[in-house]
2 protein chains.
Amino acid sequence: MKRVVMIGAGNVATSLAHALRGRCQLAQVYSRRMEHARLLAGVVGAEAVDNPAAVAGDADVYVVAVPDDAIAGVVEAAPPTDGLWLHTSGSVPMEVFAGRRCRYGVLYPLQSFSRDLLVDLSRVHFFVEGSSAAVTAQITDFTRRFLSENVTFADSRRRRNLHLAAVFACNFANHMWSLAADVMARDGLPFNAMLPLIESTVEKLHHLSPSQSQTGPAARGDVEVMRRHLSMLHGDEEEIYRLLSQSIMNHKAQK
Amino acid sequence: MKRVVMIGAGNVATSLAHALRGRCQLAQVYSRRMEHARLLAGVVGAEAVDNPAAVAGDADVYVVAVPDDAIAGVVEAAPPTDGLWLHTSGSVPMEVFAGRRCRYGVLYPLQSFSRDLLVDLSRVHFFVEGSSAAVTAQITDFTRRFLSENVTFADSRRRRNLHLAAVFACNFANHMWSLAADVMARDGLPFNAMLPLIESTVEKLHHLSPSQSQTGPAARGDVEVMRRHLSMLHGDEEEIYRLLSQSIMNHKAQK
């Protein structure tokens with residue numbers, strides 16, 4: 001059985017440790033704060049450590065799931081070992097390990113993690129990169145066997161593009177829901193009435209591309225409805241309605 | 001058992017007829033095209049008619065689920081009866097029935113319907129309006145008993161606001177996914193890798209308002225990341241990124 005050390009005890013580390021439990025031998029959980037290390041280590045049957053120098057030297061895989069700006073420090077302070085060292089960040093280049101370890105890479109789950117909700121990692125898409133082609137193959141194999149079938153190679157540039165795409169797909173889409181909630185609240189309407197419609201819009205993405213499934217006044221060029229909607233808005237909302245309707249029409253014209 | 005006549009055989013009529021089947025007696029399905037009437041009538045055990053004059057006079061409820069601009073014509077051509085007449089449109093005022101029927105109203109499901117997918121109406125939110133307080137109560141009762149627990153009163157103004165909110169929540173959110181897909185495609189990345197992340201963003205809306213659950217560079221005021229992202233974009237995409245990030249920051253400041 002593969003021996004794994006989990007470095008970090010936050011949201012990402014917790015989801016990963018739960019997914020690996022029973023499939024790998026979780027040797028240790030490290031956290032700067034012993035009570036955090038103990039909490040996760042207790043659940044997954046590992047040893048808790050709070051001193052990076054006490055990280056075991058004989059594990060096969062070290063998963064570094066700590067905040068971006070803490071990665072370099074904890075790698076520096078932990079004993080240099082022959083195992084495979086992976087970090088889980090979308091923004092930190094793999095080169096944070098260069099000169100510090102021999103076999104290393106990135107295991108980046110495209111998902112947002114929260115304290116309250118354990119994520120089912122088997123549905124998540126992982127993006128991986130290794131310090132050599134052989135290491136990339138090892139990381140891919142490790143991910144497929146223990147975490148998820150959905151694995152794609154992504155270097156730093158691709159991870160940056162993924163992060164940008166996620167801002168559009170999640171942060172900006174979520175802002176559209178904030179604006180919808182504002183429009184509804186002005187008329188005493190409950191936002192949750194919109195949820196079934198939002199969910200069926202997402203459901204369509206499993207069958208059609210977002211451009212193919214686009215509907216609404218802009219997609220069908222319904223100028224009269226767009227004009228009426230603009231007359232109901234002002235400020236930010238009006239400007240956003242105008243720009244996005246135009247962008248939908250441009251998109252339609254280009255396809 | 002309530003006798004119901006379904007006027008229309010399209011996507012909305014089909015979903016409604018399936019939901020009512022077995023709970024009401026579906027007397028007739030009317031469609032301008034006999035083959036469409038027959039198709040739906042056959043499945044739900046009703047009589048098919050293609051002549052509005054042949055619509056039965058003795059039903060309790062008449063559901064008019066035809067395209068917006070066909071509602072007035074079909075109501076005009078069908079025999080005036082004592083039953084309750086309802087249309088299902090978000091955009092057509094209830095007054096389309098005024099002077100033509102005595103008891104009438106609107107039964108508007110906030111949902112998009114498609115040919116390929118039967119919608120589970122019990123999860124959908126219905127917005128209702130009646131020609132009198134008593135009729136509104138009857139429509140609410142009919143909806144709760146046979147279709148969905150989720151029923152809210154909405155007059156024409158509220159339905160217009162709902163439609164506007166739906167453009168933000170669905171059409172514009174979907175456009176964000178189109179733009180994300182474009183960013184990913186430029187780097188050979190598969191859009192479906194984004195789906196688990198989109199789905200967990202939607203899942204959060206069951207627990208938090210969209211403003212509360214907003215994350216990302218704009219929400220945390222991370223100017224450096226926003227500047228890097230803007231340098232990766234141009235045209236429509238750059239302008240949208242700039243405007244939406246600013247709007248998210250304004251929103252945050254107002255709360």
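**Domains, sheets and the chain contact**

Modeller: The centres of domain 1 of chain A and domain 2 of chain A, taken over C-alpha atoms, are separated by 37 Å. Domain bounds here come from an automatic or database domain assignment.

Biologist: Where do the domains of chain A run, by that assignment?

Modeller: The assignment gives domain 1 as 3-154 and domain 2 as 159-254 in chain A. Residues are numbered from 1 along each chain as its sequence is written, while chains are lettered from A and ligands numbered from 1 in the order in which they are written. This is a predicted model: local features need pLDDT of at least 70, side-chain atom pairs count only at pLDDT 80 or more, and totals for chains, interfaces and linings use all residues.

Biologist: What is the mean pLDDT of chain A?

Modeller: The mean for chain A is 95, and 100% of its residues reach 70 or more. pLDDT is the predictor's confidence in each residue, from 0 to 100. For the complex, the predictor gives an ipTM of 0.87 and a pTM of 0.86.

Biologist: Back to the domains. How many residues of domain 1 of chain A are in contact with domain 2 of chain A?

Modeller: Six residues of domain 1 of chain A are in contact with four residues of domain 2 of chain A. Two residues are in contact if their C-beta atoms, placed from the backbone, lie within 7 Å. The side of domain 1 of chain A that touches domain 2 of chain A has four nonpolar, two polar and no charged residues. Ala, Val, Leu, Ile, Met, Phe, Trp, Tyr, Cys and Pro count as nonpolar, Asp, Glu, Lys and Arg as charged, and the others, Gly among them, as polar.

Biologist: Now the sheet. What is the strand order in chain A?

Modeller: Chain A has an open sheet of eight strands in the order 3-2-1-4-5-6-7-8, with mixed pairing. Helices (H or I, at least four residues) and strands (E, at least two) are DSSP runs, numbered from the N terminus. Two strands pair if DSSP finds at least two bridges between them.

Biologist: Which strands of chain A stand at the edges?

Modeller: Strand 3 (47-49) and strand 8 (151-153) of chain A do; each has a single partner strand, so one side of each is left without a neighbour in the sheet. Neighbouring strands of this sheet are turned by 25° against each other on average, direction ignored.

Biologist: In which sense do strand 2 and strand 3 of chain A pair?

Modeller: Strand 2 (residues 25-30) and strand 3 of chain A pair in the parallel sense, over three bridges. Gln28(A) stands opposite Glu47(A) in strand 3 of chain A. Helix 2 (residues 34-44) of chain A packs on the sheet and touches strand 2 and strand 3 of chain A, with its direction at about 165° to that of strand 3 of chain A. Axes are lines fitted to C-alpha atoms, for helices over the stretch in contact, and angles run from 0 to 180 degrees between N-to-C directions.

Biologist: And chain B? What rotation superposes chain B on chain A?

Modeller: A rotation of 180° with 0.0 Å of shift along its axis superposes chain B on chain A, with an RMSD of 0.1 Å. The two copies are thus related as by a two-fold rotation axis. Copies are superposed by least squares on the C-alpha atoms of residues with pLDDT of at least 70 in both.

Biologist: Which residue of chain B comes closest to the rotation axis?

Modeller: Ala173(B), at 2.2 Å (C-alpha).
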